[in-house]
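The exercises below are to be worked with the sequence and the 3D structure open. Each one sets a task and then goes through a solution step by step.

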There are 2 protein chains.
Amino acid sequence: MDLTHLLITLILIFVGAKAFGELANRVGQPTVLGELVAGVILGVGCLKLIDPHANVIILLADIGVIILLFEIGLATDIRELLEVGWHSLGVAVVGVILPFVGGFVFAVAFGYTNLVAIFLGAALTATSVGITVRVLADLGKLKTKEAKIILAAAVADDIVALIILAVVRDLGLRGDVSPLKIIQITALAVVFFIAAIVVGNIFAKRLVKIIEKMRTSGTLIVGSITFAFLWSLGAEVVGLAAIVGSFAAGLALGRTRKFEVIATELKPVAFIFTPIFFVKIGADVDVRYFNPFNEANHAVLIVAGSLFVIAMLGKVLSGFAVFDKRINSTAVGVGMAPRGEVGLIFAEVGRRAGIVTGDLFAAIVVVMALTTFLAPPLLKLSMVRRPRGMSLLTWFFEPARKRVSRMIWGR
Amino acid sequence: MDLTHLLITLILIFVGAKAFGELANRVGQPTVLGELVAGVILGVGCLKLIDPHANVIILLADIGVIILLFEIGLATDIRELLEVGWHSLGVAVVGVILPFVGGFVFAVAFGYTNLVAIFLGAALTATSVGITVRVLADLGKLKTKEAKIILAAAVADDIVALIILAVVRDLGLRGDVSPLKIIQITALAVVFFIAAIVVGNIFAKRLVKIIEKMRTSGTLIVGSITFAFLWSLGAEVVGLAAIVGSFAAGLALGRTRKFEVIATELKPVAFIFTPIFFVKIGADVDVRYFNPFNEANHAVLIVAGSLFVIAMLGKVLSGFAVFDKRINSTAVGVGMAPRGEVGLIFAEVGRRAGIVTGDLFAAIVVVMALTTFLAPPLLKLSMVRRPRGMSLLTWFFEPARKRVSRMIWGR
């Protein structure tokens, strides 16, 4: 890709994200829904103006979601996260088991082999927390207990996803599973996350002290982002998602005395990078699969429809693993539902191994897209209180108020 | 390039830039010199940890210098720029003619063909304004009249460079020059720059009005950068450097009522992107050519030494095209001297056409590097007043005071 091409792509992403984000906001939807829609319109499905498979765009999108989770980590109190730890673990485990079993049984009932069934089940277990946290921020609900549970569950979910990925990869490549390797991977992931937070806390305090002694300007923001990248790299190395690392880095820096300055300086950087991630997710969606007038799509759409019900139910029910009546279990479950690009990683492993083929792969892609695109409106429905006497439709499409950053961050 | 590789590269760039930038500051040098040195150490010449030819790094560096010139444009008053317009035109024209004639005569005297001599002369005419403006900002001299003359001359220089590039490209590819094409290119470039400022002023005011009506957050910074990218794209399309476009966009937005907010929000974004540009420039320098103990380098170093004298003298003397005794002509000339990556573009065209070969190309690379690396200390020597009674050496290496942004921008 050359500079001209990159400039065109970025201009399209920014204009699309802002125009459709604003539109979404005006019809009472989370802004991120508009960014996803902008991606669909500009991407492979419609206008083909943005290539979501271009190396530079993939990398900038990755940086975007790393910075987003770093920002979220910075605004999250680690003690509140630990308080909901057991709830979150329950949500993560139930939210993996239910979709997996559902997908597996469905595939076996439809005559697929056990191997295909395992891949299908695995693909349904994923959670793409990037979407959910942006919706929560858009709705001004990032400081709620439900948000904490979702965040902690997403970390647990990522560790579980890592284990599942190792299992299905072994199954796909070798036909059997090495239990020792799985124990190793699990231990490494758990140890990494704990170490990332413990070491991160010590490191972050020293970093801030060093930065305060520096005479050159810009050291705080560059130092903080370098720290986030370093922790992301660590997560990548042990096989976790990079965002788990940047989230941990954010948690650590959030406990230092400089965290408010960092949050302020980080905001414009996040405004530039995060839309690239969401527009790219949208641009990946191939809407041609959704065309019901094309007979070739019928089988895909029927399978996708059934899988979608399993995928949604599995995650929504996981919210009820929280045994606390003050918690909005539906909201937690809905928040765990978007599969985003994470589910596609599983499906892609299966496709490369020749296990998940043609139509089934297309059906999985449709399910991933549906869960992602329904999360913003469903989260609004389950989390935002409707005033008495207002009709559901009026309330749902009521233009959102101007959500300045103070509202989003609750300060 | 994958995410792991990109994270490693960015971590190295940020840590290197900050560490050596701080070191440069402590020994009284402009911070950017440290960033260049960090690049040399990490790049192709020494540790080979950063690959400056990786597509993603080239593009991020390009975005970095676009954002830098946008930031400079934002802080520049266009009326002050127009006031020095004639001075600048003189500096640009003399600064092109002298190095060109010098390089041409040198090459012919050494027995090269006329064609080679033209390429050599052309390569010496370039100016890389990115280096100079960063040094001026580091020294807190961005608001001086000398800085305005250099900025305006850099724009004129870029238009002249475009014409020369068209000429040498025609000569290299076809053996002769089409005068009509050159007139076309010149007219297009001049019309573009005037239109960019006139249309930019109208457009910028409307853009700010639209942004003020938007309810979603982050619209101001995303909108401003989109505007800068759009104008950069326009410049690219007419064949000018992208930075000429983003500089014009900055000039236009600098006249709107929101310019202070934009400047504040742009700063963290610039802190992240600009070091990538300077470290990349440094990483491109192959220090092996400088090794005098390798006999193969002797011819290169002798030719480079002579060319360096011609290159420096030509630009320094151009400063005296300003017939105004209150202006520091030496500083203007020294500010026009760094060739950076711009000179390499000329040399590269000659190399691809098979005209500039082996040792001569190496010598040009050495000259480009020398002019770039000497600009920061030379600008300090020519622009910063030495207190009475302090020795030159003490003053030169005196640790710089903490240059907070208020000092840099003069407000």
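**Exercise 1. The contact between the chains**

How many residues does the contact take from chain A, and how many from chain B?

Solution. The model is predicted, so local features need pLDDT of at least 70 and side-chain atom pairs count only at pLDDT 80 or more, while totals for chains, interfaces and linings use all residues. Residues are numbered from 1 along each chain as its sequence is written, and chains are lettered from A and ligands numbered from 1 in the order in which they are written.

Step 1. Apply the contact criterion: two residues are in contact if their C-beta atoms, placed from the backbone, lie within 7 Å. The count comes to 46 residues from chain A and 47 residues from chain B.

Step 2. Two or more residues each come from α1 (3-26), α3 (55-74), α10 (219-238) and α12 (259-283) of chain A. The largest share, 13 residues, belongs to α1(A).

Step 3. Sort the chain A side by residue type. Ala, Val, Leu, Ile, Met, Phe, Trp, Tyr, Cys and Pro count as nonpolar, Asp, Glu, Lys and Arg as charged, and the others, Gly among them, as polar. The side of chain A that touches chain B then divides into 25 nonpolar, 13 polar and 8 charged residues.

**Exercise 2. Relating the copies**

**Exercise 3. The fold of chain A**

Step 1. Check the contacts in chain A with a separation of 6 or more: residues 24 or more positions apart account for 78% of them.

Step 2. Check one helix, using an expected span of 1.5 Å times one less than the number of residues. The 30 residues of α8(A) should span 44 Å, and the end C-alpha atoms are 43 Å apart, which agrees. After α8(A) comes A:G175, with a positive phi near 90 degrees.

**Exercise 4. Buried and exposed positions**

Classify B:L12, A:I194 and A:K48 as buried or exposed.

Solution. Step 1. Count other C-beta atoms, placed from the backbone, within 10 Å: 20 or more is buried, 12 or fewer is exposed, and in between is partly exposed. By this rule, 57% of the 411 residues of chain A count as buried.

Step 1. B:L12, in helix α1 of chain B, has 20 such atoms and is buried. Not counting residues up to four places away in sequence, B:L12 touches B:L42, B:L49 and B:I50. The C-alpha atoms of B:L12 and B:L49 are 8.1 Å apart, although 37 residues separate them along the chain.

Step 2. A:I194, in helix α9 (residues 179-213) of chain A, has 11 and is exposed.

Step 3. A:K48 sits in the loop between α2 (31-42) and α3 of chain A and has 10 C-beta neighbours, so A:K48 is exposed. A:K48 is not a glycine, yet its phi is positive, about 55 degrees. Most residues other than glycine have a negative phi.

**Exercise 5. The nonpolar core**

Which residues touch the most other members of the largest nonpolar core?

Solution. Step 1. Define the core as a set of buried Ala, Val, Leu, Ile, Met, Phe, Trp, Tyr and Cys residues joined through C-beta atoms within 7 Å. The largest one has 311 residues, and A:A248, A:A363, A:V367, B:A248, B:A363 and B:V367 touch the most other members.

Step 1. Helix α8 (residues 145-174) of chain A gives this core its largest share, 16 residues.

Step 2. Look at one member. Leaving aside neighbours within four places in sequence, B:V367 is in contact with B:A304, B:L307, B:F308 and B:A311.

Note on methods: Helix = DSSP H or I, 4+ residues; strand = E, 2+ residues; numbered from the N terminus.
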